[in-house]
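User: I would like to go through the labels used for this model and see what stands behind each one. Please set the values against the cut-offs.

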Amino acid sequence: MTLAIVLAAGPAAGRPTEDGEPPADRLAAQWRRAGADDVRIAADLAELADLVAGATGPVLVSGVDLVAHTAVLKHLATSPVGPTVALVLTDPPAAGQATVREERGQVVEAGAVADATGVFGGALRVGPADLPALAEAARRAAGGIPAPASAPDPRPTETASAPGVGVVGGGPLADLDRLVADLAARGTLIFAHRVRLLVAHRAGDAAQRQAAEAQVAAVDEDRAELKLSVKERDDFFTTFFVSTWSPYVTKAAARIGIGPTGVTMVSVAFAVAAAVLFGVGGRPALVAGAVLLYLGFVLDCVDGQLARYTRHFSAWGGWLDTMADRFKEYVVYAGLGYGATHAGFRYGWALALAAMTVQTVRHMTDTWYGALHDEAARRPKVVTGDAGGIGGKLNAASTRVQADTGSVSYWLKRTVVFPIGERWALIALAAALFGPLVALCAVLVWGALAFAYTGALRTLRARWMKVPVLTTVDAGLHRDDGLLTRTLPTARRPLLTAVVAALGAAGLLVWALWAVHGGRDLPNWAAVFVLVLLLGAAQGARAPHAGALDWLVPAALRAAEYLFAIAVGVAGRAPAWLIFAYVLVLTLHHYDLTARLEKRQAAPPLHAATLGWEGRSLLLGIALIAGIVSIALATLGAYLFVVFVASVVLAWVVLPARARGGAPSPG
């Protein structure tokens, strides 16, 4: 149950609205329309602390001086970015209002902030885990006890202050502002919710309230919400060739009652149909496949826009969207691989495998670098001699380019990394104009170049940030370690062992390709040697992943497992489509872990049954020696797929139903 509390304290509490309604009553009514299950008005901080102490679900708190669209409150209440979210405005701060500093969407400092990026907007949502801290902060403020001082932050900040935002000029902070400053000083993870297109202001007097109410009345709330369903910053192709008309589809879907999950499934159907047409070949089929792929991508954007427009967010929907995106893309690779092979190119499936492997490993680095950057934003940076070196300069340059929205450098930076919109556009155009072979080659070349570009820059920046990100998460889970890894001795350098294993697997693959091309068999000792390298990488599991570059370990392990599986398949002369299918199942399993990492969720219910990356590799190595590679790939792949499906059903249907005591439903 969601509780909303209006803190009716301060000078604004006694000033009625233009129609004579008390401000606290108006805000209470707005919170009800925004979806709050229970709304209370607290006369002071002591009463607020008592209400928070008795709450069991999220708590929404707003000051009586807030004047805003109801949609602003609804967006704050339903924000999917995190459990605790604060409203942040760009208005000039008035006396008593807390200024804040954000990094990567997180409020890292609040109070009297010299290099502020915004001002606290007078409303916040607090997740259940942070309620005790909120109640204690309210009691401290009610008793006149100063808030704890936050640790000094030695980081050089590249973000320029927002216009009119700076240090609060004199006087104590207002009640609600003290609470936010207290939570930030305690290290509470607070995400920032910015207001765009809609209106929200804090009114300190009657004139300000009247002006704010006039601004609220002048904006068409529904039209603004539809525009807000489109991401503020997206990639070039999506911005100019999809988002210009997809909101109309979003509006139509909302009117006829189709939910985001339904749109996602239609998008999957379009992608599968496009893959089939790419496999069939022939100019009409290729053009039709390209059109379906484009429409499927439009629907892929619409499902997120529909979720934002209707505010229907769920953990299931976010997980399904992530998994569907990757499944659609890799099924299209399969269609292209089959089509290229059917057209007479011997290595069509090999190109599809290479494209899928490069993209998956690259996504793993994206995920872990994002986690690294988020952690760096929350921690004081370690000041070293190279703080102003190349990493620092790259960080400053990246910040400047990102701030220069719409410039040539901005769009080049967003395009060169080869995001999903550009990938799907390239596939559609290349397949329609030149055929599956050219489409696969184009995707593989651009993907590899983007991987090299982002990897090099991020490595330099990570060395500058010096944040041991893997110490903040379950490294064993997200490495995908199995029983063997947990029982082997511990090595000291997890990154070195993982990279050596990946290089060994790559070398084995090259050797296997060379041997098979020459009509020879790969010697068994070669596979045994690489297996030893893999087990050496497994030894780094329990070592602290505290190095500046240890965020690369999971991606290196993915590369090692995929390359080893492909090498075993090639050496065992398994059908290319079977090798592709096996690696595809592995990618689904690993993207499941990735989605859980991004949401900080627990392990899948049947994770132990997946055997771990080293256990699966050991079984394939034994199968190569025994001469039953095709049987092993088919059996192990089918087993992992069954475990994956069963784990999904348990995680999203059975266990939630048991927790609710009601009927099974993933929504």
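User: Why is R311 called buried?

Analyst: This is a predicted model. R311 has 13% relative accessibility. Buried means under 20%, so R311 counts as buried. R311 sits in the loop between α11 (283–310) and α12.

User: What is phi of R311 near?

Analyst: Phi of R311 is near 60°. That is a positive value in a residue other than glycine.

User: Where does L197 lie, and what is its phi near?

Analyst: L197 lies in the loop between β9 (190–194) and β10 (200–202). Phi of L197 is near 75°, again a positive value in a residue other than glycine.

User: Why is L197 called partly exposed?

Analyst: The relative accessible area of L197 is 41%.

User: What makes α12 roughly parallel to α16?

Analyst: The axes of helix α12 (residues 315–342) and α16 cross at roughly 25°. Angles under 35 degrees count as roughly parallel, so α12 is roughly parallel to α16. The two axes come within 12 Å. Their crossing is left-handed.

User: And what makes α20 roughly antiparallel to α21?

Analyst: The axes of helix α20 (residues 494–517) and helix α21 (residues 524–538) cross at roughly 160°. Angles over 145 degrees count as roughly antiparallel, so α20 is roughly antiparallel to α21. These axes come within 8 Å. The crossing of α20 and α21 is left-handed.

User: Why does D366 count as partly exposed?

Analyst: D366 has 25% relative accessibility. Buried would need under 20%, and exposed over 50%. The value lies in between, so D366 counts as partly exposed.

User: Why is Q359 called buried?

Analyst: Q359 also lies in helix α13. Its relative accessibility is 2%. The cut-off for buried is under 20%, so Q359 counts as buried. Q359 and G447 are 88 residues apart in sequence and 6.9 Å apart in space, C-alpha to C-alpha.

User: What makes R101 and E109 a salt bridge?

Analyst: The pair stands at 3.3 Å, N to O. The cut-off is within 4 Å, so R101 and E109 meet in a salt bridge. A network of salt bridges links R101, E103, E109 and D115.

User: Are R101 and E109 buried or partly exposed?

Analyst: R101 has a relative accessible area of 2%. That is under 20%, so R101 is buried. E109 has 24% relative accessibility and therefore counts as partly exposed.

User: How do you know that R40 and D38 meet in a salt bridge?

Analyst: Their side chains meet at 3.2 Å, N to O. This is within 4 Å, so the pair counts as a salt bridge. R40 is partly exposed, because its relative accessibility is 38%.

User: How many salt bridges does the structure hold?

Analyst: The structure holds 25 salt bridges.

User: Last one. Why is V6 called buried?

Analyst: V6 is in strand β1 (residues 3–7). Its relative accessible area is 0%. Buried means under 20%, so V6 is buried. V6 and P128 are 122 residues apart along the chain, and their C-alpha atoms are separated by 18 Å.

Technical notes:
Residues are numbered from 1 along each chain as its sequence is written. This is a predicted model: local features need pLDDT of at least 70, side-chain atom pairs count only at pLDDT 80 or more; totals for chains, interfaces and linings use all residues. Side-chain values use heavy atoms; hydrogens and water are left out. Axes are lines fitted to C-alpha atoms, for helices over the stretch in contact, and angles run from 0 to 180 degrees between N-to-C directions. Helices (H or I, at least four residues) and strands (E, at least two) are DSSP runs, numbered from the N terminus. Angles under 35 degrees count as roughly parallel, over 145 as roughly antiparallel, 65 to 115 as roughly perpendicular and the rest as oblique. A crossing is left-handed if the near helix is turned anticlockwise from the far one by less than a right angle, and right-handed if clockwise. Buried means under 20% relative accessible area, exposed over 50%, partly exposed in between (1.4 Å probe, protein chains only).
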